[in-house]
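I opened my notebook to look up a few side chains and their neighbours.

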Amino acid sequence: MGPREVGGRVADAVRRRRWRAAPPDCPDVTGARFTAVLPAGALAAVPPDAAKRLVAEADRLLAGQGGYFGVDRHDLAEPDWWYDPKTGRRAPAAHAFDVPYRNEDAVGDVKQIWELSRHQYLTVLAAAYALTGDDRYATRVAGHLRSWWAANPPLRGVHWTSGIELGIRLVSWVWTRRLLDGWPGAAGLFEDNPVARHQVWHHQRWLAAFPSRGSSANNHAVAEAAGQFAAACAFAWFPASARWRAGALASLARHLRANTFDSGLNRELATEYHGLVLELGLAAVAEADAAEVPVPASVRLVLLRMTDALAAVVDDRLRPPRQGDADDGHGLVVDGAGTDRWASLLATGDAVFGRLPWWPAVTGTDVRTPLLAALVRPYATRETGPAPARPQSRPDHLADAGLTILRGPGGIWCRCDGGPHGFLSIAAHAHADALSVEVRQDGVDVLADPGTFCYHGQPAWRQYFRSTLAHNTLRLDGGDQSVSGGPFLWTRHARSRVLAADTSGETARWCAEHDGYGRSAHRRRVELTAARRELRVVDEVRGPRRAVHLAFHLGPAIAADLAGDRAVLTWTADGEDRSAVLDLPGQLRWRAHRGETDPPLGWYSAGFGRKEPSTTLVGSGSGSADRSAPAREFTTVLTFRG
């Protein structure tokens, strides 16, 4: 932390002490109204199949069924807001500033507790009411909101401990009220309800008082600003609303710029947080346009660039890279299960910004796009001066993020990582994955990034999934390239640089190196030759002779037959049998690992809280008997057969 951040955190501590002694009071207001309704025709634009998926999800919720992070729940008809179904623990009924929410033994898995109280399942129920007019959905929403407000008075309990939770909850409440418009009880639930007004005020007051700052000003700061801004636009009922709105908008503009490379990729280099920030930004702009609040041109420009960057990096099945941390976080949910998140974002981008000719085709449907598009003025109609420059062809190398995509025939897709370790000094959501590759064919993970799995409460698993060994790269002397100081802290960052990136010829080439191992340098070259459907990876180690571990993680659909230094890979995709041959460096001793726990190795996490065994091939050794050799090279060749 720098001096300014330290000073801000000291001020936060003083404010917490003052609030503990004398909590702030919500002012009395009269004449509150909600006018940020959907325009006529917005609901009619929702595709029937998307509406059907949404209603099916809402019916499951009405039946009390749901699930988060790999845990099925059957108690959602009358939920306990402080209960963690994974551990069976219940968060303590303490003052918010006394809740040790990172301590799983005291609180339970806080992600499990928080997720339900983001109230994104309530926006699903409210959307089902809006589309069907069925009062059952609205009645359930009203009952749950009243229950939550009663159980969670301001500054009491675990739901008042983290700004990102308050910010996302405010976005959900705004959309819940919007989607319930037309229900006779909507005004009585929100603007005519002193309890609701009290909660909305205290959420905004909390966010104004305790912003994420300095080394923590990542996606959390964007969520806090977006939620504060949305509520101050749609629930502009208080004397401080105009001030909160202006402050939140300035914060949103600042943090969107700070969190985003000029290329449009999120600086945390964690793909799911790219999606979260983009969703939150679009939701905030929707509120601005609905309330006719001018937004700085930089806000829309950042969101435009983020959308173009997403279109640039997805594979043939619209799957983006699996890079960095991922916790299944969303900014706005009004869709049912089975809706493709990334296709939805690209569809919204098309509606708001206009697709470019090189964008991949989007064939899926969703509810969110027509609703957002009804509120957001299309970018081309705004008087923002000259149109911003946009890529005229699909970018393969996003230099500022160090991310390069190599593409080949038959849906071959390869991500090469030569970018910064992460964002800000703590790089909270980074993994020790310098020079890693990720390879797919027709959307199937062949050489996979194993994912994230967990944050709190399982330190061995958290350490494994962010480690160098858990990525398709090379490890020296059993250590990570970057040094971890905790589950969301890196105290030393490996520095990478891309030396070459050329995707213009028959053979696409990439080369990068990093300094994470001190006097030993790791350089990697990757070549994808289209005619041979061959990916060649050459790892070069310069410096003192050290123990080498080279890992290749196979996707969960891949079966591997390892014999010596050759592995035959087989899988099924689109009803067809596929195969590839992986020729591994002969200087190393190769073993296959699958589903091991002590220590963890051979796992794949498709989503937060979920993991399944997969095959990891690890080669170990020193690589050369010649101690005087200036460098050691290890060549791996992956050849696709069908």
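**Ground rules.** I am working with a predicted model, where local features need pLDDT of at least 70, side-chain atom pairs count only at pLDDT 80 or more, and totals for chains, interfaces and linings use all residues. I number residues from 1 along each chain as its sequence is written, and side-chain values use heavy atoms, with hydrogens and water left out.

**Cysteines.** I looked for disulfides (a pair of cysteine sulfur atoms within 2.5 Å) and the count came to 0. Cys416 is in no disulfide, and its nearest cysteine sulfur, that of Cys414, is 3.9 Å away. I then checked burial (buried is under 20% relative accessible area, exposed over 50%, partly exposed in between, with a 1.4 Å probe and protein chains only). Cys416 counts as buried because its relative accessibility is 0%. Cys511 is in no disulfide either; the nearest cysteine sulfur belongs to Cys416 and is 10 Å away. Cys511 is buried too, at 10% relative accessible area.

**Aromatic rings.** Next I took ring pairs (centres of Phe, Tyr or six-membered Trp rings within 6.5 Å; planes under 30 degrees apart are stacked, over 60 edge-to-face, the rest tilted). I found 22 aromatic pairs in the structure. Phe97 and Phe210 make an edge-to-face pair, 5.9 Å centre to centre with 75 degrees between the planes. Phe97 sits in the loop between β2 (71-73) and α3 (104-107), and Phe210 in the loop between α9 (194-209) and α10 (219-234), so this pair ties together parts 113 residues apart in sequence. Helices (H or I, at least four residues) and strands (E, at least two) are DSSP runs, numbered from the N terminus. I noted Phe97 as buried at 18% and Phe210 as buried at 4%.

Phe453 and Trp461 are edge-to-face because their planes are at 70 degrees, with centres 5.9 Å apart. Both Phe453 and Trp461 are buried. I also traced a cluster linked by ring pairs, including Phe34, Trp148, Trp201 and Trp244.

**Charges over rings.** My test was NZ of Lys or CZ of Arg within 6 Å of the ring centre and within 35 degrees of the ring normal. Arg440 lies over the face of Trp413, 4.2 Å from the ring centre. The charged end of Arg341 sits over the ring of Trp342, at 5.1 Å from its centre.

Which residues does Thr507 touch? Using contacts (heavy atoms within 4.5 Å) and not counting residues up to four places away in sequence, I listed Asp502, Glu527, Leu528 and Thr529. Thr507 is in strand β12 (residues 507-517) and counts as buried because its relative accessibility is 15%.
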